[in-house]
Amino acid sequence: MRKQGADPLSSSRTDSPAAVNPAVAYARTPAPAADECAWCGHRLGAEDEHLPGRIRCARCGVATTSPWPTDEQLAEAYAVWYRPSAGRFSGVGDAVLKRTRSALANRLQRVLPRGPVLDVGAGDGTLVAAFRRHGREAVGVDPYASGDSPHVRAVDFEEMTGGWSAVIFWHSLEHLRRPVRALRHAADLVVPGGVLVVAVPNAASLQARLFGDRWLALDLPRHLVHISPPALLSEIEALGFRVERVSYLRGGQVLFGWLHGFVGRLPGHPDLYDTIRRNEARQAAQSPAFRLYALAGAVAALPLSLVGTAIEVATRSGGTIYVEARREAKTS
Ligand SMILES: [Zn+2]
């Protein structure tokens, strides 16, 4: 149970979206020391598992990106190519993205109490817009907000206050320098009976283990922590939430993780994620012939990828984990 008396925000809960301080930069969230586990704070040493680009903590099982990127390196990693205003993906990709966000909003509409929704790492505001189409107040925060959506604010999540029927981390928790602190802040913001929603890559998944250093969702250096389900679920429960739903498919990107992994094993290691992005959204240029090669590889890898996805879902070790957890109505 959370100690309400120690929570300066609990007295200011309202049903309206919170006041924010627009002057706050993302980088103001203090970074953990370079040799600390970004999840549990354990001092990383020789007993922890040193892997290319990250160190897995022996205490909590979460890996921390190493070397820990500077603010400048992260700004570079989120440069305009990452999320251009014209959309990230070519062809039907952006439409699929919009459809899946609509499906998430539809689902959450059925399980949330009344009140506004806060989307952390809202990007261009696709999920926020989906909620607003239901007539629900919804606000997003994203340090790299494009400014295209009036409902997505370029502020630090930890500057947000107020009471929210849901706080949603849709593939954003792993981008934060202090993910557990962010979860604790979310616990302060979610009203009793409200829901915390988290979707993150599952670093303990079959595909993560199989594809190793080339796994899609490693995404260095943007992903700062590489989370396993036990670490995530135990933290959420420790914050006074009751886990109501865990899915190893709903978090998305499971099948794509397999396709990306198999294609990345072809000669030349094509990056399928780059292939499906628009030209201006691509990290490195790809010739039309190379794109065709990568896409043909994806088609060939589809049957095996479907099998991999089915195994992951059946064994609850999917490439992503999705959690809905309700804040207990009464705290003691
Ligand atoms: Zn740890």
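This is a predicted model: local features need pLDDT of at least 70, side-chain atom pairs count only at pLDDT 80 or more; totals for chains, interfaces and linings use all residues.

Me: What is the strand order of the open sheet of seven strands?
Reply: The order is β6-β5-β4-β7-β8-β11-β10, and the pairing is mixed.

Me: Why are β6 and β10 called edge strands?
Reply: Each pairs on one side only. β6 covers residues 152-153 and β10 covers 241-247.

Me: How do you know that β5 and β6 pair?
Reply: Pairing needs at least two bridges. β5, residues 138-141, and β6 share two bridges, in the parallel sense. Therefore they count as paired. G140 has V152 of β6 as its bridge partner.

Me: Which helix lies across β4, β7, β8, β10 and β11?
Reply: Helix α4, residues 179-189. It runs at about 150° to β8.

Me: What makes the pair E324 and R107 a salt bridge?
Reply: The cut-off is a side-chain nitrogen within 4 Å of a carboxyl oxygen. The closest N and O atoms of E324 and R107 are 2.6 Å apart, so the pair qualifies.

Me: What distance separates the closest N and O atoms of R181 and E158?
Reply: The distance is 2.7 Å, and the two residues form a salt bridge. The pair links distant parts of the chain: R181 sits in helix α4, E158 in the loop between β6 and β7, 23 residues apart.

Me: Why are R181 and E158 called partly exposed?
Reply: Partly exposed lies between the buried limit, under 20%, and the exposed limit, over 50%. R181 has 34% relative accessibility, so it falls in between. E158 has 22%, so it falls there too.

Me: Is R326 buried or exposed, and how do you know?
Reply: Buried means under 20%. R326 has 16% relative accessibility, so it is buried. Its salt-bridge partner E244 has 39% relative accessibility and therefore counts as partly exposed.

Me: What joins R326 and E244?
Reply: Their side chains meet in a salt bridge, 2.9 Å from N to O. R326 is in strand β11 and E244 in strand β10, 82 residues apart. A network of salt bridges links R242, E244, R326 and E328.

Me: Which residues make the nonpolar surface patch?
Reply: L206, L304, V307 and I311 make it, over about 320 Å². Helix α9, residues 288-314, gives the largest share, three residues. L304 is found in helix α9.

Me: Why is L304 called exposed?
Reply: Exposed means over 50%. L304 has a relative accessible area of 51%, so it passes.

Me: What share of the contacts between residues at least 6 apart join residues at least 24 apart in sequence?
Reply: The share is 72% in this protein.

Conventions: Residues are numbered from 1 along each chain as its sequence is written. Side-chain values use heavy atoms; hydrogens and water are left out. Helices (H or I, at least four residues) and strands (E, at least two) are DSSP runs, numbered from the N terminus. Contact means heavy atoms within 4.5 Å. Axes are lines fitted to C-alpha atoms, for helices over the stretch in contact, and angles run from 0 to 180 degrees between N-to-C directions. Patches are made of residues with over 30% relative accessible area and no salt bridge: like charges are joined within 9 Å, nonpolar side chains (Val, Leu, Ile, Met, Phe, Trp, Tyr) within 5 Å. Accessible areas come from the Shrake-Rupley method with a 1.4 Å probe; for residues, only the protein chains shown count as cover. Buried means under 20% relative accessible area, exposed over 50%, partly exposed in between (1.4 Å probe, protein chains only).
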